[in-house]
Amino acid sequence: MRPLQNLPKAHLHLHSWQATLRRATVAEWLLECDEERLHQMTSAAQQKLADIRQKQDEGVQETRPGEFQSDIDKYERRIKALTPPLSLDLLLGQALLADDLAPVSLRGGSGPESEIWDRQFFLDVLMKTAPESRGGTSGYERQACLQLVEDAASEGICWIETAFKAFQFLDDEPQRIEEKCAGQWRDALASRREAMEAFPGVGLAFVVPCPKGKFQVDQARAILDFFTTEGERGALAGIGKWGRETPGLEDELGPALSFFKEQGVPIVMLHAGEGYGATGQKLPFEAYNGASHVEEAVAAGALRIGHGIEAARSQATMDLLRERQVCLEVCLYSNWLLDMAPWEDGVSHPLPVLLASGVPCCLAADDPTLMGAGNGHGLVREYEGARKVLKLTDQQLADLARCSIQFSCMPSVSKERALAGIDKWLTEEAP
Ligand SMILES: [Zn+2]
């Protein structure tokens, strides 16, 4: 079998930095947690717990039945997990290697009471309470960025497009970026430059969530101006959307998305058609038509759609993706662990159906640290899963890698080099 870490590929769907950390780095950070820091980490949860208990005692009306008890359970669970001795397995679940079978899903899928949200909470407080001696949160983020690119370099990844935080704007001047947020972005840009200098074979660029609301076009212009003024236009890979999936994309983000397209900024990582679970409690099951969400994303001009696997339920939607050449960023382990697949008919994942219909697809890892991956990108495990669980051939794996290169914003000379590397990988005799 041809080694998958030698296959040149791009990674086009990640959420940095919390979800793109090395497992060993999280373990190292846990060792730095003294009693005082643990108190800091749990204090917000303790306060929330006390507030809910008080509401319960006062007989305050719940917004949904069982709301208070499930919140109490959640905060008690989180406080308990942060009570020494700390355990990496308890906080992040066990490390998960690719196997011949798809893994069982995590408790609660992707809902608000889910295991995945607990893990996200742990990493969030761990990074927010980073000690000053380590440069605080931005010191941790710099380490995360450097290690992500280092691990990419050692496993054949030549390009990364990763989602980073939403720009925040001043309340009284909605077209002006908050200074604190601009500072966090400048730190991220500096880490990116440092990582690319240290590992010149890997490029990294960021995907920014699309601004919404009344001032979205002004804010879109401010975001673009920010990158240009910093001399970092090349660090902006594209504009995306994530969070809970709801219909009405054009009404919500249409003007800002149009502005970005006119300015030549591609629409990527536009999460749509991930599965009913991705709608949380906002949308009733009967109202969810994932394939139609995918079609909305195509109509909005997306170059790439985040997940989009529900398209496989509709031949017309798959035909549309093929004709318009819109690429799906398929995240196998995320779909399995968050209970988006298998489907009701027992198919372990719809990727083979999408490929058979000629839909452009690439593989990605979404939130690898939250999903048991050993390093910050988790991409080789996705290819291994496609090979072992879905029985894809090396030709199909090479096609997925090819798509990842073609649908990225890599400079064209690097694209050509990577595509030639894929051809070479495929022509080499499998050991
Ligand atoms: Zn995602």
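The chain falls into domain 1 (4-22 + 137-427) and domain 2 (29-115), with bounds taken from an automatic or database domain assignment. The model is a predicted one, in which local features need pLDDT of at least 70 and side-chain atom pairs count only at pLDDT 80 or more, while totals for chains, interfaces and linings use all residues. Residues are numbered from 1 along each chain as its sequence is written.

Between the C-alpha centres of domain 1 and domain 2 there are 27 Å. Where the domains meet, 19 residues of domain 1 are in contact with 17 residues of domain 2; two residues are in contact if their C-beta atoms, placed from the backbone, lie within 7 Å. On the side of domain 1 that touches domain 2, α12 (332-337) and α14 (379-388) each supply at least two residues. The largest share of that side, four residues, belongs to α14. Helices (H or I, at least four residues) and strands (E, at least two) are DSSP runs, numbered from the N terminus.

T246 sits in the loop between β4 (236-241) and α9 (249-262). Neighbours within four places in sequence aside, T246 is in contact with T279, K282 and L283. T246 and Y288 are 42 residues apart in sequence, and their C-alpha atoms are 8.5 Å apart in space.
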